[in-house]
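Hi,

Here is the structure I promised to pass on. Have a look at it first, and then read my notes below.

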Amino acid sequence: MIRLFDSAHGQVRELTLRDPGQVSMYVCGPTVYDLPHLGHGRFTLVWDVARRWFTFQGLLVHYVSNITDIDDNIITRASREGTSEELVAKTYEKSWWDAMDALGVAYPDDVPHATQYVAQMVELITQLLEGDVGYKTSDGIYFDVSRVPDYGLLAGQPLDSLRAGARVETNDEKRSPLDFVLWKNAKPGEPSWPAPFGEGRPGWHTECVVMSLELLGEGFDLHCGGFDLRFPHHENERAQAVAAGVRFAQHWDHNGWVMVGDEKMSKSLGNFTSLTDLLDKNDARAYRLLVLRSHYRSPIEVTPATIGDAERALARLDGLARRFGLVALAGHHLEVKDDFSWSGAALELYEHVAAALNEDLDTPKALAQLFEALSSANALADGGHEEEARELAVALNALFGALGLSLVSASAVVDEISQALVNERDGARTAQNWTEADRLRGELVDLGWTVEDSPSGTLIRRP
RNA sequence: GGCGGCGUGGCCGAGUGGUUAGGCAGGGGCCUGCAAAGCCCCGUACUCCGGUUCGAAUCCGGACGCCGCCUCCA
């Protein structure tokens, strides 16, 4: 049984599946008008981990995440740069997938682009207009939130109190400040599509509700995104589905914020803002580990210090991979439990990790258990219990892989000069010429190697 | 104004009323020719004030501080 927080209920609930053995999930993707930032990195990592974990346990996951390729921000950028909306979207979508690649976020099963679903959006809006839930103003079509009895479910507040706090600009034509735009009338020079109610383009909230239903069908299982999407975006998606008489997501979940200390973000302070930047400077796995280390609904702080901390922890994982010659897993491949064998300490570890992850995706708890097992594996090997140690190490590799973390044992290619120094040093050590051995170690270190002695002789690797 | 969250050891960060979270950094030890890697041991923390309880970081009340959402936003 998988239990997961449900934003619609404000508590952890069992994730009941529409089709047993299958999970249908929709994760709100980016609007591609700029480089991806740390927040994008977090939400993609969090839900990538959920997807991987569901898959690992044997569930068939249908994972859909969209690209919003038409939007005010895209239009603004295109006109500012004197280029087309299409080119802006293409450019930043490329950056998006490059970053996802680097992060080891697996490609979704489906990636709907908003511009490809305009016809279906027009259909939905037509239906809402017919029911008088949608209404015309001079600049477009709006949705009348008062027509949805439980509007405010995801916000956790009734309509009245939401309205009281509304900071939206007053628009005399709107029936309520909370009403949101379904369709924006075409403006000269902006992309637009034909519709019976007038040429224009869809509102953001309409895009996601249409795409998720189109690809996952009525009453799909899980709808996720960042905390800020809870209201109004997800509230409004849901409102449209309710008004259209369609069963929508059965479970809602939202991940927490990325903080960058209380300092303003700026390059001069060494704070990272763009994901692209972070990935240029650090091991991408460090961000995944950082994300896994705190609960997905808590805020996390991303600073050079916390990233560095995670990178050093990663070194221990890679040390295990080196010691046991483990093959790197994860990446684009989603691991499945049944591809590994489980018994003894490995099975026990799996069960503990599964218990943690199936209780609201408690990755910190799972990680604590994995790190403890990592020490055990090394201790067993130190004690000469090779078999047991190896079994545990293989299980650890599988479980880290289930979370999308690759353990890397491959050391850099050793050039001829370095290899000659290694050979020389082994000779010196055999001859017990410690002075010479130390001098040669110094040379290797100067060449940027980390030098370790082992039963089989000098080992060098890149730190 | 409404709704919600948070304040834990040097740092990050979990925590279901009583028994070790975990990681990083630091100290000691084992191993090693010396190192590195690895293993073992160590810090006895929980914003403050009351209360409930045999017992609270964990429940209740209050104070202080911080943050998020109510507008585009991951």
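A quick word on naming: helices (H or I, at least four residues) and strands (E, at least two) are DSSP runs, numbered from the N terminus. Residues are numbered from 1 along each chain as its sequence is written, while chains are lettered from A and ligands numbered from 1 in the order in which they are written. Bear in mind that this is a predicted model, where local features need pLDDT of at least 70, side-chain atom pairs count only at pLDDT 80 or more, and totals for chains, interfaces and linings use all residues, and that side-chain values use heavy atoms, with hydrogens and water left out.

Let's start with the RNA. A residue is near a strand if one of its heavy atoms lies within 4 Å of it. There are 53 residues around RNA strand B, and Arg-167, Trp-204, Gly-226, Arg-441 and Asp-453 come nearest. Elements that each supply at least two residues of this surface include H1 (38-56), H10 (304-324), H12 (363-382), H15 (434-446) and strand E13 (450-454). H12 gives the most, with 8 residues. By class, the surface has 17 nonpolar, 19 polar and 17 charged residues (Ala, Val, Leu, Ile, Met, Phe, Trp, Tyr, Cys and Pro count as nonpolar, Asp, Glu, Lys and Arg as charged, and the others, Gly among them, as polar).

Which part of the RNA faces the protein?

Now the protein itself. Chain A is divided into domain 1 (17-258), domain 2 (282-402) and domain 3 (416-461), with bounds from an automatic or database domain assignment. The centres of domains 2 and 3, taken over C-alpha atoms, are 31 Å apart.

One helix pair is worth a look. H9 (residues 284-293) and H10 pack at about 100°, with axes 8 Å apart (axes are lines fitted to C-alpha atoms, for helices over the stretch in contact, and angles run from 0 to 180 degrees between N-to-C directions). H9 and H10 are therefore roughly perpendicular, a label for angles of 65 to 115 degrees. Their contact has 8 nonpolar, 1 polar and 5 charged residues.

Cheers

Note on methods:
Angles under 35 degrees count as roughly parallel, over 145 as roughly antiparallel, 65 to 115 as roughly perpendicular and the rest as oblique.
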